[in-house]
Amino acid sequence: MIRWIAFDADDTLWENEKYYHDGQALLAQLLAPYQPAEVVEAELLKTETSNLSWYGYGIKAFGLSMIETAIRLSDGAIGSPEIDALIRHLRSMLEQPADLLPGVLETLQLIHNGYRMMVITKGDLLDQERKLANSHLEDFFEAYEVVSDKHDNIYARILKRHNIQPKEFLMVGNSLRSDVLPVVKIGGFGVHIPHRFTWAHEVVADTSSHVDGYVQIDSIKELPAILETLKHQ
Ligand SMILES: [Mg+2]
């Protein structure tokens, strides 16, 4: 019986990745004299991935990787006005309002009486806290866990801390890799809601070999029906 529902935040509760796409487009534009956009995109992803273990996730990490990529792909020729344009874009990302995805507020209102709820998100602590405050969703959640990464052992630790059995736990998120598969691995239930933008790092190439234990839905509005079904299992 599900007692606890955890939600991913970025691109599950509110828009996020689209601002990264805009940043990537700006970088490609600034580097157009040096390299085609496809090369910029591929190099940025490579840089971000190799920097993950040092900088973690979030806007600041993205910014450092963009600057590093710009310097490398221009052979050091990129100028300070271009670097400044990147920094200004990062600042504008930090100033974005929490733009709730369709159906989020209505769904939380519908289900919050029947379940205990928390958010589990990765990224910059300050930025994630600011977005939660801006979202006006704080009152729905008993806990707000900002973690450095979303591995199965990190989920296991959160469940232990809140005294939750895996079979009582359901996680909702847009990333199969981060929000669903590790939860299924520890014995919880996953609900995958793909977002129109998914960062290449979060894409799982082959899901056919993974065990069951999760469902995929098109919109968070379908979550109450999923919860009803699970009650009768
Ligand atoms: Mg997400």
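Tutor: A residue is buried if 20 or more other C-beta atoms, placed from the backbone, lie within 10 Å of its own, exposed if 12 or fewer do, and partly exposed in between. Residues are numbered from 1 along each chain as its sequence is written. The structure is a predicted model, in which local features need pLDDT of at least 70, side-chain atom pairs count only at pLDDT 80 or more, and totals for chains, interfaces and linings use all residues.

Student: How many helices and strands does the protein have?

Tutor: Helices (H or I, at least four residues) and strands (E, at least two) are DSSP runs numbered from the N terminus. On that basis, the secondary structure comes to nine helices and six strands.

Student: What radius of gyration does the protein have, and what would a compact globule have?

Tutor: The radius is taken over C-alpha atoms, and the globule rule is 2.2 Å times the number of residues to the power 0.38. Along its principal axes, the C-alpha trace spans about 60 × 40 × 30 Å. For 233 residues the rule gives a value near 17 Å, and this agrees with the protein's own 19 Å.

Student: What share of the contacts with a separation of 6 or more comes from residues 24 or more positions apart?

Tutor: Two residues are in contact if their C-beta atoms lie within 7 Å. Among contacts with a separation of 6 or more, the share from residues 24 or more positions apart is 69%.

Student: Which elements do the buried residues of α8 pack against?

Tutor: Eight of the 10 residues in α8 are buried, so that this helix is mostly covered. They are L176, S178, D179, V180, L181, P182, V183 and V184. The elements that these residues pack against are α7, β4, β5 and β6 (214-216).

Student: Which residues does V172 touch, not counting residues up to four places away in sequence?

Tutor: V172 is among the residues that touch the most other members of the largest core. With residues up to four places away left aside, V172 touches I5, F7, D8, T12, V191, I193 and L223.

Student: Is α1 roughly parallel or roughly antiparallel to α3?

Tutor: Axes are lines fitted to C-alpha atoms, for helices over the stretch in contact, and angles run from 0 to 180 degrees between N-to-C directions. Under 35 degrees counts as roughly parallel, over 145 as roughly antiparallel, 65 to 115 as roughly perpendicular and the rest as oblique. The axes of α1 (residues 17-30) and α3 (residues 59-73) come within 11 Å and cross at roughly 15°. This makes α1, relative to α3, roughly parallel.

Student: Which residues of α1 and α3 make the contact?

Tutor: G23, found in helix α1, touches F62, M66, H89 and M93, not counting residues up to four places away in sequence. The contact joins Y20, G23, L27 and L30 of α1 to F62, M66, T69 and A70 of α3.

Student: At what angle do the axes of α2 and α3 cross?

Tutor: V40, E43, L44, T47, E48, N51 and Y55 in α2 meet K60, A61, F62, L64, S65, M66, E68, T69 and L73 in α3. The arrangement makes α2 oblique to α3. The axes of α2 (residues 37-55) and α3 come within 9 Å, with a crossing angle of roughly 130°.

Student: Does D11 count as buried or exposed?

Tutor: D11 lies in the loop between β1 and α1. Although D11 is not a glycine, its phi is positive, at about 65°. Because D11 has 24 C-beta neighbours inside 10 Å, this residue counts as buried.

Student: Does N163 count as buried or exposed?

Tutor: N163 lies in the loop between α7 and β4, and its phi is near 60°, a positive value in a residue other than glycine. With 8 C-beta neighbours inside 10 Å, N163 counts as exposed.

Note on methods:
A nonpolar core is a set of buried Ala, Val, Leu, Ile, Met, Phe, Trp, Tyr and Cys residues joined through C-beta atoms within 7 Å.
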